[in-house]
Amino acid sequence: MKFRLLCFLLAALQGATFTHAAGDPAQLTLASIFTDEEYKEEKMEALHWSKKGACYFSLEPLGKDKEGKDIPGKDLVRHEVATGLQTVIASAKTLTAPGEKKPLSVDSFEFSEDESQVLLFANTRKVWRKNTRGDYWVLNVATGALRKVGGDAAPATLMFAKFSPDGSRVAYVQKNNLYVQSLADMKITAVTADGSATLINGASDWVNEEELELRDCFRWSPDGARLLFWQFDTRDVKLFTLVNQADGRYPRITTFPYPKAGEKNSATRLGVVSAAGGGITWLAVPGDPREHYLPHAEWTPDGKAVLLQQFNRLQNTLHVMRADPATGATQVVLTETDKAWVDNMNPVRWIGDDFLWLSERSGWRHAYRATLAGEVTPITQGEFDVMDVRQVDAKGGWLYYDASPTNATQRYLYRIGLKDGEPQRLSPADQPGTHTYSLSEDTQWAVHTYSTATTPPVIQLVSLPDHKTKSVLRSQKRLREKLAALKLPKVDFMRVDIGGGISCDAFCITAQDLDNSRTHPLLMHVYGEPAGQTVKDVWSGQRGLWHWMLAQQGYVVASVDTRGTPGPHGRDWRKGIYLKLGVINSQEQAAATQALLQRFTFLDPQRVGIWGWSGGGSSSLDAIFRYPDLYQTAMAVAPVPDRSLYDTIYEERYMGLPKGNAEGYRLGSPITHAAALKGNLLIVHGTGDDNVHYQGTEKLINELVAKNKHFTVMPYPNRDHAINSGKGTQRHLYELMTNYLHQHLPVK
């Protein structure tokens, strides 16, 4: 009876909705953010720059009907940059399959090289993170003829279809085999025949897709005669099982190969095969195929060789090899090493017959020009990091890249000559914040997105290098008007000295009219691992608005990026947590929290909370377990309580192999320190999370129960790592966390 009463009280408390200034249009609410979507952004449809001139293509929605519902279908539109002329090259009616009444639900598209044909990806299905399985249709732009790829293949079973270089054929993956279809007679040729549930040709296994972004795993040769492809043999990889209890009277089981840290990986190899089928030439990449990774491979521009990359299992050595597609023989042309790990940041980008190479060998991430003979020449130099490459303009002699030499929370576009010269900042000097770009083929134009932490993203068409605005594509006028009516909080960026010569980037969100005569609860938002940076001067959507709502209610919301997070502070900063993930970052997070408490007298040291998602969930557990006298409340969403339960590629990159760093794994796992819990802990996890398994949360529950520790758990049935599927899920999650804060970290 007591147990039932306790459960009822907890349920009633969590179901209660706390409101502040109800009906006040100047105040944010959970309903306005998550249910009514009053602050919804204007999004841009995916666009493709033409390779033949100054224009781009996009899929444009047809608008709303009289009832306010989206009209099914989209038009494929050409946009002329110079004149602004828009031409519908394929209407939604044209994009309607024969015999069907509704247009295709097109997710994305690709043009043939001469732009006479379009390959349309429709009826798509999610495969782990992204929709990568569906139907493909070929549209003849001149005639409007629409033909389905794959013959009588079952609906939504094709993956990664792409035109041959001359546009005469389409290659695709179906059920782990490669096929080529002639567009002249629609004849289909099976290029591989051994694909199965455990042998994958042309696509990827789970861990390589998640951690190395390997999805589309085949490439046409420049002459269209051959295909280069990856093969993953998962037969000896241990299986993980997800149980869906919510979608029927009996459980639905999903089982897939998932190598946890220290376990056996897939055997991975690269093959070359004729597009007409036949024998396969396997590239003679040295080493055990289960103890190495092959993150990138491309044909050389002349098609005479393959350039591939090979990581060792620890990912601290990366070999670049040249392979002979006829014999399979390989030769190392470049080797990159690091005492910690080498980042996977080098998709093959050609500069004529040379290639671009990013390296931290100088202590900073810089761009180099590398030859197939192994000669490496710096393009950028100095005490700053090249954070991303936007485009290599080999013809014009320029490299376009993202950097922010003086402020790690921001991003700007730069360019530099491929042979010599000084960096030129192209982003406007009077627009501090975050700039991203999609450049045209000739780099004369770009779709430019600009935002800050307090201003939503404006999307413009600009000319380069003068950065003059040609047109505004998305102004966010409605959103800006909505924000202008709010009593907006203040967002301050700062540096926090945590001692030892270490200074961290931070932000602090406070109410506009914060009462400094009384103290306020502090909520830290954390990620804390190498895969993410939280302190960024960029619009952060609904999550950022939720932080604003809490600030309006009297909370102070702050975040600090400690060492190990991927900011542009140089190699030593990013890799200072090697083998000690969970230890160093939690120490520095605690030191930063204490520094904020000392700096701001309006913060209450007896009301300090922390929350985060994924790696941030792990960091939140670390915080409340390791520093129980500092943090009174923690909310951990989709955490990794035991590092040995996560996948090989991610965990071993930063922590080494469990057998070589057993003590590091033990000390770096939050579950090891669970007995120290004193405060209030909320754990949230999707039971269908294929990435960070609910298994870890269950193991943590057992440990906390064994130590007689009291806590709250919210499992979301069959939700994945994003916990955003299913009606009302996102609103429910944020309301749960809001109410938990109101109860355990109250504003007084």
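Which residues of α12 are buried?

A: Start with the kind of model this is. The structure is predicted. Its protein chain has a mean pLDDT of 95, and 97% of the residues reach 70 or more. Residues 1-20 are another matter: the pLDDT there is below 50. Beyond near neighbours in sequence, that stretch has 17 contacts in the model. Where pLDDT is low, the predicted coordinates should not be read in detail.

Now the helix. The buried residues of α12 are Thr 729, Leu 733, Tyr 734, Glu 735, Leu 736, Met 737, Thr 738, Asn 739, Tyr 740, Leu 741 and His 742. Notice the run from Leu 733 to His 742 within that list. Helix α12 covers residues 729-744, which makes 16 residues. From first C-alpha to last, α12 reaches 22 Å. That is close to the 22 Å expected at 1.5 Å a residue.

Next, the region around these numbers. UniProt, in an unreviewed entry, places "domain: Peptidase S9 prolyl oligopeptidase catalytic" at residues 549-745. Over residues 549-745 the chain is 41% helix and 17% strand. The end C-alpha atoms of that stretch are 15 Å apart.

Helix α7 spans residues 584-599 and has 16 residues. The buried residues of α7 include Ile 584, Asn 585, Glu 588, Ala 592 and Leu 597. What covers the buried residues of α7? Among the elements are strands β37 (490-499), β38 (502-510), β39 (520-525), β40 (556-561) and β41 (603-613). Helix α8 (615-626) also takes part.

The C-alpha atoms of Phe 256 and Arg 599 are separated by 50 Å. Along the chain they are 343 residues apart. Phe 256 lies in strand β17, residues 252-257. Its relative accessibility is 4%, so Phe 256 counts as buried. Leaving aside neighbours within four places in sequence, Phe 256 is in contact with residues including Trp 128, Trp 206, Phe 240, Asp 690 and His 693.

The side chain of Gln 181 reaches the backbone nitrogen of Gly 150 at 2.8 Å. Not counting residues up to four places away in sequence, Gln 181 touches Val 149, Ser 168, Tyr 172 and Ile 188, among others.

Finally, look at how strands pair. Strand β2, residues 55-61, is mostly covered, with five of its seven residues buried. A hairpin of five residues joins β1 to β2. These two strands pair in the antiparallel sense over three bridges. In β2, Phe 57 stands opposite His 48. Seven bridges join β2 to β3 (residues 74-80), and the two run antiparallel. Here Phe 57 stands opposite Arg 78.

Elsewhere, four strands form an open sheet in the order β29-β30-β31-β32, with antiparallel pairing. The edge strands are β29 (388-393) and β32 (424-425), and each pairs on one side only. Strands β30 (398-403) and β31 (412-417) share six bridges. In β31, Leu 413 is the bridge partner of Asp 402.

Terms used:
Residues are numbered from 1 along each chain as its sequence is written. This is a predicted model: local features need pLDDT of at least 70, side-chain atom pairs count only at pLDDT 80 or more; totals for chains, interfaces and linings use all residues. Side-chain values use heavy atoms; hydrogens and water are left out. A polar contact is a pair of N or O atoms within 3.5 Å; within protein, one must be able to donate a hydrogen and the other to accept it, and residues adjacent in sequence count only if both atoms are side-chain atoms. Contact means heavy atoms within 4.5 Å. The expected span of a helix is 1.5 Å times one less than its number of residues. Buried means under 20% relative accessible area, exposed over 50%, partly exposed in between (1.4 Å probe, protein chains only). UniProt positions are given in the numbering used here, feature names are shortened, and annotations may be inferred rather than shown by experiment. pLDDT is the predictor's confidence in each residue, from 0 to 100. Two strands pair if DSSP finds at least two bridges between them.
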